[in-house]
Amino acid sequence: MPNALVIVAKAPVVGQVKTRLCPPLSAAAAAELFRCFLVDTIARACTVSDAQVCLAFTPANSEALFRALLPFPLRYLPQRGNGLGERLVNIFADLLHQGFSKVVIMDSDSPTLPTAYLQEAFTSLSDLRNDAVFGPCSDDGYYLVGARAVHHELFENITWSTSSVLIETLTQAQLHKLNLTLLPSWYDIDNGADLYKLVAELGQLDGNAGVPRTRAFLTQLGLCPVERKSS
């Protein structure tokens with residue numbers, strides 16, 4: 001069976017997603033921007049070779065909402081578990097049980113993440129000396145985790161949603177003698193500063209930079225410059 005590339009996402013309901021972007025955005029604009037992130041992220045993920053793209057969604061009753069939003073050949077699975085660590089473990093367990101040999105899980109709020117990093121994640125897992133792969137985030141968390149087996153240890157004793165997530169994860173790996181590969185660092189969009197970083201990045205790139213929905217909406221909001229035409 002092919003590799004599984006999983007995007008984790010919360011239903012883009014106004015007032016329930018990307019609340020740390022308010023301000024500078026309104027709750028409605030933040031939710032719409034997240035919808036744009038999600039569509040662009042999955043469109044890019046679908047270009048990764050030899051991978052079945054999956055959506056791990058929450059809450060459990062939101063599958064119809066996502067299906068209406070996402071015109072892609074996705075495999076849908078509801079997130080299970082009380083905390084982030086437990087939910088990640090269950091995603092690995094569910095998909096490996098279904099027969100996938102490698103599972104890579106990524107966030108849904110790093111829309112310009114280079115697809116080469118996703119391909120590199122699967123390549124690193126082809127090396128049997130590597131137990132897992134992580135994509136470090138600029139906020140000291142991670143945008144991606146991948147493995148060939150369920151490693152509960154990597155998701156235990158972690159202070160989630162803090163700046164110590166990655167270092168605590170690396171400590172757990174060392175404690176349990178697991179070999180990790182680290183991809184290049186990237187960033188996710190959690191707050192206003194991150195949003196303006198994205199705007200600045202898009203301002204340096206020609207065309208839609210592979211994120212047409214995101215760029216169009218930021219342009220509509222007056223935050224992003226009009227697309228530069230390639231010569």
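1. Asp50 counts as exposed because its relative accessibility is 61%; the cut-offs are over 50% for exposed, under 20% for buried and partly exposed in between, with a 1.4 Å probe and protein chains only. Asp50 sits in the loop between α1 and β2 (51–58). Beyond its neighbours within four places in sequence, Asp50 is in contact with Pro2 and Asn3, contact being heavy atoms within 4.5 Å. From Asp50 to Gly203 the C-alpha distance is 32 Å, at a sequence separation of 153 residues.

2. The model is predicted: local features need pLDDT of at least 70 and side-chain atom pairs pLDDT 80 or more, while totals for chains, interfaces and linings use all residues. Residues are numbered from 1 along each chain as its sequence is written, and side-chain values use heavy atoms, without hydrogens and water.

3. Helix α6 (residues 192–203) has 12 residues and should span 16 Å at 1.5 Å a residue, which agrees with the 16 Å between its end C-alpha atoms. The expected span is 1.5 Å times one less than the number of residues. Helices are DSSP runs of H or I of at least four residues and strands runs of E of at least two, numbered from the N terminus.

4. Buried residues of α6 are Gly192, Asp194, Leu195, Leu198, Val199, Glu201 and Leu202. Their cover includes α1 (27–45) and α7 (212–220).

5. The largest pocket has a volume of about 1100 Å³. Its lining has 36 residues, of which Leu84, Asp109, Ser161, Asp188 and Asp190 are the closest to the centre. A pocket is an open set of points on a 1 Å grid over the protein atoms alone, with protein on both sides within 12 Å along at least five of seven lines; a cavity is a set where a 1.4 Å probe fits but cannot get out, and lining residues have an atom within 4 Å of a point.

6. β6 (142–147) is among the elements that supply at least two residues of the pocket lining, and β6 gives the most, four residues. By class, this lining has 16 nonpolar, 10 polar and 10 charged residues.

7. There is one cavity of 30 Å³ or more. The largest cavity has a volume of about 40 Å³, and its lining includes Thr41, Arg44, Met106 and Leu118. α1 provides the largest share of the lining, three residues.

Definitions and conventions: Points joined across faces, edges and corners; volume = space filled by probe spheres on them. Nonpolar A, V, L, I, M, F, W, Y, C, P; charged D, E, K, R; others polar.
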